[in-house]
Amino acid sequence: MLTGPLQKWIKRQIAVRPRLERICTSYLLFLMVVTTKHSLQEAARFAGLHPSLFSHLLKSHAKLAITTLESLSKTQARQFAKALARRNGLPWKIVILIDSTLQHRASLHPENAKTFNHGHGFVVGHQWTNIVLLLHDLLIPLRPIPFYSQRYCRDHKLEYRTEHDLVVDYLQKLQLEEYIGSYDPREVVVLTDSGYDNKKIQTAIAAKQWHFIIALGKTRSVKSATLGRTTPKSKQWCHIAMFFRNHRWLKWQTIRITTNGTKRKRMEFRTRDTIGYLRYVGQVQLVCSEPRRRPEGRRKYLACNDMRVTARQIVLGYRLRWAIELFHKTVKQHLGFEDVATSGFDSVMSHVHWVYCAHILLS
């Protein structure tokens with residue numbers, strides 16, 4: 001079998017104490033193999049070890065999983081940062097993607113489990129906010145942000161914080177130099193959907209001199225950069241949907257995009273764009289984008305604080321956000337992201353970090 005050479009290779013990639021080397025490498029290798037379910041019993045059967053060893057690994061060594069993920073992500077990012085190049089037609093070299101995903105659980109009994117309304121009914125489980133680096137076409141997951149419920153915070157004497165507050169704190173503390181070395185902040189762009197349309201997040205990104213492309217909610221307040229000084233302030237600000245409705249004189253421009261898949265489909269969008277102000281943030285480019293055939297509910301409102309780029313580049317840049325959706329699909333379907341049956345949240349946290357380690361090792 002190839003497990004011997006593979007385990008030796010994994011051992012060289014991670015830095016763990018000798019007494020934990022076999023159990024850690026066995027668990028990582030098991031997560032990377034194809035199986036119907038990545039349970040602890042299957043891991044024990046795969047490695048020829050007792051299930052209690054894997055249970056103890058997840059329960060008592062959560063910090064080890066976190067430090068291993070950080071080490072692997074920094075090592076891989078440094079390797080690919082040596083030959084950073086701009087993407088075709090885009091001025092940015094470094095892309096940061098932010099999005100959340102839900103980890104389904106069978107009941108509310110596990111620690112920190114909560115009921116979420118995810119748009120398609122209620123889901124019981126844990127929420128993870130993922131921050132990933134996109135260098136060239138390589139996606140590198142960084143340390144994810146766990147969402148703690150109010151009950152979990154009360155039981156563990158923690159301060160309850162919203163997801164947006166956690167993202168702001170994460171971005172303020174994120175030191176990209178540790179991952180890619182010295183860089184030009186103007187070559188960094190952060191992509192998020194409308195779930196992160198928050199003035200604190202946008203201000204935190206701008207404070208680092210990074211750029212952002214963020215989908216705006218329909219009720220986000222904006223105003224035009226061409227309004228006269230005599231216009232009352234009460235009439236300057238309006239919702240983004242109403243803003244573009246009032247600016248129907250802006251011409252539609254057609255954008256044709258060829259996808260990178262095997263079928264090489266051709267997609268057409270039409271856009272309106274103008275320079276405006278995002279309330280509490282500052283001057284941005286505002287783009288209204290929709291598919292050429294105008295299916296219902298597909299219109300997007302985008303804001304970008306990089307004044308150098310065109311509407312086409314903003315739309316192309318925002319489409320890179322789809323990479324994090326593919327990442328969520330991969331870890332759930334192939335790496336056992338949701339195959340966890342432990343009740344303690346420390347074990348769940350450890351499992352998630354090992355899953356992300358396995359993703360990095362596979363790439």
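Me: Leaving aside its neighbours within four places in sequence, which residues is Asp-197 in contact with?

Reply: Contact means heavy atoms within 4.5 Å. By that rule, Asp-197 touches Gln-202, Ile-214, Ala-215, Leu-216, Gly-217 and Arg-220. A word on the basis: this is a predicted model, where local features need pLDDT of at least 70, side-chain atom pairs count only at pLDDT 80 or more, and totals for chains, interfaces and linings use all residues. Residues are numbered from 1 along each chain as its sequence is written, and side-chain values use heavy atoms, with hydrogens and water left out.

Me: Which side chains make a polar contact with the side chain of Asp-197?

Reply: A polar contact is a pair of N or O atoms within 3.5 Å; within protein, one must be able to donate a hydrogen and the other to accept it, and residues adjacent in sequence count only if both atoms are side-chain atoms. Here Gln-202 pairs with Asp-197 at 2.9 Å.

Me: Is Asp-197 buried or exposed?

Reply: Buried means under 20% relative accessible area, exposed over 50%, partly exposed in between (1.4 Å probe, protein chains only). Asp-197 has 17% relative accessibility, so it counts as buried.

Me: Where is Tyr-196 found?

Reply: Helices (H or I, at least four residues) and strands (E, at least two) are DSSP runs, numbered from the N terminus. Tyr-196 lies in the loop between β6 and α9. Its relative accessibility is 3%, so Tyr-196 is buried. The side chain of Tyr-196 reaches the backbone nitrogen of Ser-100 at 3.3 Å.

Me: Which strands pair with β7?

Reply: Two strands pair if DSSP finds at least two bridges between them. Strand β6 (residues 188-192) runs parallel to β7, with 4 bridges. Val-189 has His-211 as its bridge partner in β7. Strand β13 (residues 300-304) pairs with β7 in the antiparallel sense over 3 bridges. There, Ala-215 stands opposite Leu-302.

Me: Why is β7 described as largely enclosed?

Reply: 5 of the 5 residues of β7 (residues 211-215) are buried, so the rest of the structure largely encloses this strand. Both faces are covered: His-211, Ile-213 and Ala-215 are buried on one side, Phe-212 and Ile-214 on the other.
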